Amino acid sequence: MTHRNKPAPQRVRMEDVARIAGVSPATVSRALRAPASVSDVLRERVQSAAQRLGYAPNRIAGSLAGARAPLIGVIVPSLTNSFFAATLERMTALLEPEGYQLMIGQHDYDVDREEAIVTAFSSWNPAALVITGREHTRGTLGILSKATSPVVEMWDYGERPIDIGIGFSNATAGHIAAQHFVDTGCRSAAFIGAILGKDGRARARADGFQDRFQQLTGISPNLLSADSRDLGEGGNALRQVLAEQPETQAIAFSGDMLALGAMFEASRMGLAIPDDLKILGYGDLDIGPFTNPPLSTIRPPRREIADKVVEQILHRFAEPDADGINIDLGVQLIRRETA
């Protein structure tokens, strides 16, 4: 029995799509890379022809030839953290209609892994790079400072961003928590933060809380680093704080999940919230208003960060010579019933 080799399929070219759609190859390129840049009629003709022929643009070839790939590299510490997930979801919704896709990396709060991801993403010649925070290795700083594409540092605010900075001051979030506790009469307080040795943003909130509380009261609050952000870890941390400092009147947490775990544990211990113990979260998760009692928290600008990041990237695409910018979106204290 004779087996014949299947002939290699012919790759559909952009010119083939242009011929079927009755437009130029340049119009096909614009319609597929940036759909909003052409009319609805032309976009539908091109997309219909591309679908009919099974055409897929060769993005890699374009990138290797020196053109920007229609990819935006976004690097976050965690994909399970709802803060970053919400930002990524919003960025995707805003950028896809403009013809861009996100290329996502996560480094689990490891700056060396962040450097490896930045190096890998840069080799794809992305249209822009978005990274989380301001703490990077020398290698990462070297790559980003030489990048010819826009570079955005998000979810933190500080002096002198590499290019574009969009976020808020985590230290200020800590100040707000401490101020609120003092204003409600607390003189013995604590801050419980997840992996403070690795998460620089949580550490900045902890330091901000400690500095402001001590400034206002002359008393140093207890700081505790929890092993994770898990619900159960909040209960474990609560017990540890109360064992070390039984007179604690209020606890601020680096995340709502830790705060919720502490609330459950406090209930098991027979503590009334907020009468026996005030609890303040961070993040304003959807569950917060529905806990018993509703969770007081600090709300970071999750959606606003995504909106502003996309706005600045698209602005830079339109005006490549525009100056860098540094934007502080601030945070908001959400007063409910636990603090």
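**View 1. Contacts and overall extent of the chain.** Among contacts in the chain (heavy atoms within 4.5 Å) between residues at least 6 apart in sequence, 70% join residues at least 24 apart. The model is a predicted one, in which local features need pLDDT of at least 70 and side-chain atom pairs count only at pLDDT 80 or more, while totals for chains, interfaces and linings use all residues. Residues are numbered from 1 along each chain as its sequence is written, and side-chain values use heavy atoms, with hydrogens and water left out. Taken along the principal axes, the box filled by the C-alpha atoms of the chain is roughly 80 × 55 × 40 Å. Of the 339 residues, 49% count as buried, that is, under 20% relative accessible area with a 1.4 Å probe and protein chains only.

**View 2. The open sheet of six strands.** The chain has twelve helices and twelve strands, which are DSSP runs (H or I of at least four residues for helices, E of at least two for strands) numbered from the N terminus. Six of the strands form an open sheet in the order E2-E1-E3-E4-E5-E11, with parallel pairing, where two strands pair if DSSP finds at least two bridges between them. Strand E2 (101-106) and strand E11 (325-328) stand at the edges with a single partner strand each, so one side of each is left without a neighbour in the sheet. From one strand to the next, the twist averages 20 degrees.

**View 3. Strands E1 and E3 with helix H6.** Strand E1 (residues 69-76) runs parallel to strand E3 (residues 126-132), and five bridges join the two. Ala69 has Pro126 as its bridge partner in E3. Helix H6 (residues 111-122) packs on the sheet, where it touches E1, E2 and E3, and its direction makes about 170 degrees with that of E3; axes are lines fitted to C-alpha atoms, for helices over the stretch in contact, and angles run from 0 to 180 degrees between N-to-C directions.

**View 4. The surroundings of Gly99.** Gly99 lies in the loop between helix H5 (82-95) and E2, and because its relative accessibility is 10%, Gly99 counts as buried. Leaving aside neighbours within four places in sequence, Gly99 is in contact with Arg33, Ala34, Pro35 and Pro70. Arg33 is 66 residues from Gly99 along the chain, yet the C-alpha atoms of these two residues are separated by 4.8 Å.

How values were computed: Buried < 20%, exposed > 50% of the residue type's maximum accessible area, 1.4 Å probe, protein only.
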